[in-house]
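Trainee: I would like to learn how to read the overall build of a protein model. Where do we start?

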Amino acid sequence: MTDRSGVRPSRGIWHPFTQHAIMPEMVKIARGEGAYLETPEGRRIFDGVASWWVVTHGHRHPRIIRAIQDQANALDQVIFAGFTHEPAERLAQALLRLAPASLDYVFYSDSGSTAVEVALKMALGFWKLNGARREKILVLENGYHGDTIGTMSVGERGVFNQAYEPLLFDVGTIPFPSAGAEARTLEALEAACAARGGGEKPAAFIVEPLALGAGGMLFYGAQTLAEMRRICAAHEVLFIADEVMTGWGRTGRMFACEHAGVEPDLLCTSKGLTGGSMPLAATLCRADIFDAHYSEDRSRTFYHSSSYTANPIACAAAAANAEIWAEEPVLERVAALAAMQAERLATLESDPRFENVRRCGTIAAFDYRTENAGYLATLGPRLYAFFQSRDLLLRPLGNTVYVMPPYCATAADLDKVYDTVREAAAIGLEDL
């Protein structure tokens, strides 16, 4: 990609996770359908990252779009403090049916970051209102939970948040359970939960179940997840499952916790909640967390909201999505996509140009073998531009490439992806 440093717009849009000095022009999209995006000129781009991991069934699923249209004609917005509405109530019941049985209440917000913020505040409030001084949060190394101050605090420290370090609170970090090093992770978690080093016991442990997303598409096993849950339960440390990315089928089950039989104390969901059509999030919690805040004493109120909490149109979209899961063979489609990913990944395993080939459900990832590695490696933008030139939307994490398309992706779609992946290696990474 040509470096056009110094060429900047005098006014305009500031795009997320975008360095405008090296990416001065954005690709304009006019419409989407199924697994494809389309420009105003009719160029079709395969959405290999499900538009930042949110689109599940495909763009503009008819049932979801119809629900949005119908709700927009009835009620667009209403304050959710002191008022309620049918789409929010219907969705809450659907979520409680779909989620692990340990969860009893649904609190709505508007993004994955806010869903996690809500969970952290609920956890701290639970202990405070029960008279216990438990304020420390435990996190898993390499985790990513969002870009607000609280979620950056519980995420990996590095390039994403180094400028904001003075604002972040301290956490206890548990090493990532790399293959062969799971025991080290569990021993560290046991020691932290028991407060063996002295001091207070932690309030909660937050984890992305089975798959860490922005941290590098790092995967670990269900048995380790189950053991982490067991340790937390033994020490009465609240277990927060951040299923913002892993929920809604990405790992092969509705929620990743199901692979390990784990029932968390709190669960965060967003991204696939509306099928990728509208911004909405929810934090689900146990009854005793709700009960800790339940009182005639108004000072015990859970003080959190956003203006658009439980927006009726977004809730209608999510309720329609839940109906699709209940009435259509979505898990069969997920399994088919996972099998297609596995088949194509196998062709990379014996290729010396690739390493660390891995998969978790429908999520496929691999690394280009190169010395130009890491998130800030110049290879990332060059790969991105090369994929764009082949009408593929893939967003490499440095030399790591992941493929996470909508569940409607076909074998032919994936063939094009993996053919292009090999083409990049054949050209030569330095020549892209």
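Mentor: Start with secondary structure. Helices are DSSP runs of H or I with at least four residues, and strands are runs of E with at least two. Keep in mind that this is a predicted model.

Trainee: How many helices and strands does the protein have?

Mentor: The count is 12 helices and 16 strands. Along the principal axes, the C-alpha atoms fill a box of roughly 65 × 55 × 50 Å.

Trainee: What share of the residues is buried?

Mentor: Buried means under 20% relative accessible area. Here 51% of the 432 residues qualify. The exposed surface comes to about 19400 Å², with 52% supplied by carbon and sulfur atoms.

Trainee: Which residues touch the most other members of the largest nonpolar core?

Mentor: Tyr108, Phe205, Met217, Phe366 and Tyr368 do, in a core of 99 residues. Helix H9 (residues 312-327) gives this core its largest share, 9 residues. Another core lies apart from it, with 26 residues, including Phe126 and Val171.

Trainee: What is Phe205 in contact with, beyond its neighbours within four places in sequence?

Mentor: Among its partners are Leu138, Ile174, Leu189, Met228, Cys232 and Phe239. Now look at the whole chain. Of contacts between residues at least 6 apart in sequence, 69% join residues at least 24 apart.

Trainee: How far apart are the mean positions of the positive and negative charges?

Mentor: They are 2 Å apart, for 40 positive and 52 negative charges.

Key:
Residues numbered from 1 in each chain as written. Predicted model: local features only at pLDDT ≥ 70, side-chain atom pairs only at ≥ 80, totals over all residues. Heavy atoms only, no water. Buried < 20%, exposed > 50% of the residue type's maximum accessible area, 1.4 Å probe, protein only. Contact = heavy atoms within 4.5 Å. Areas by Shrake-Rupley, 256 points an atom, 1.4 Å probe, with all protein chains shown as cover. Lys, Arg positive; Asp, Glu negative; His and termini not counted. Charge placed at Lys NZ, Arg CZ, Asp CG, Glu CD. Core = buried A, V, L, I, M, F, W, Y, C linked by side-chain atoms within 4.5 Å.
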